[in-house]
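Please open the model in a viewer and keep the selection panel at hand.

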Amino acid sequence: MSAPLSRWARVRPWAALLLPPAAWYVFELGLGSVLKVDCAPVGTWLGLSWGAASLLLCALAAAIAWPCAQPAGDQTPPRAWLSRVALLLAGIFALAIAFQTLAVLIVPPCVN
């Protein structure tokens, strides 16, 4: 009989599943709200640094999900499945954030 899973081991796939959409959502709303107040810093340093931080959060989610993606003796198949979905979502949201960061760098933010 195997030992019961720790709380972190049970929450790990869910944390990895929720982190990329939350990073993208905060990236979208955050830059949008800053853009309404003052558009100048969005195109220079703020857009790039916020995009890089959001990409790092997606990478963190992938790192959290990676050890659980292969079913082991102590985990159930749904945990491995959720971890694989989290890896897929981390890639999809990282791609969206990367393209939006690139758009922030290409399109001038103060164009009316």
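**The largest nonpolar core**

Begin by selecting Ala16, Leu17, Ile64, Ala65, Leu82 and Ala86: these 6 residues form the largest nonpolar core (a set of buried Ala, Val, Leu, Ile, Met, Phe, Trp, Tyr and Cys residues joined through side-chain atoms within 4.5 Å; buried means under 20% relative accessible area, with a 1.4 Å probe and protein chains only). At least two residues of this core come from each of H1, H2 and H3 (helices are DSSP runs of H or I, at least four residues, numbered from the N terminus). Apart from this core lies another, of 5 residues, including Phe27, Leu31, Leu46 and Val104.

The model is predicted: local features need pLDDT of at least 70 and side-chain atom pairs pLDDT 80 or more, while totals for chains, interfaces and linings use all residues. Residues are numbered from 1 along each chain as its sequence is written, and side-chain values use heavy atoms, without hydrogens and water.

**Ala65 and Ala16**

Next, select Ala65, in helix H2. Ala65 counts as buried because its relative accessibility is 0%. Leaving aside residues up to four places away in sequence, Ala65 touches Ala16, Ser83, Ala86 and Leu87 (contact means heavy atoms within 4.5 Å). Ala65 and Ala16 are 49 residues apart in sequence, yet their C-alpha atoms are 5.6 Å apart.

**Helix H3**

Finally, select residues 77-106, helix H3. Its buried residues include Arg79, Ser83, Phe93 and Ile97. Helix H1 (7-37) and helix H2 (40-65) are among what covers the buried residues of H3.

Methods
Expected span 1.5 Å × (residues − 1). Buried < 20%, exposed > 50% of the residue type's maximum accessible area, 1.4 Å probe, protein only.
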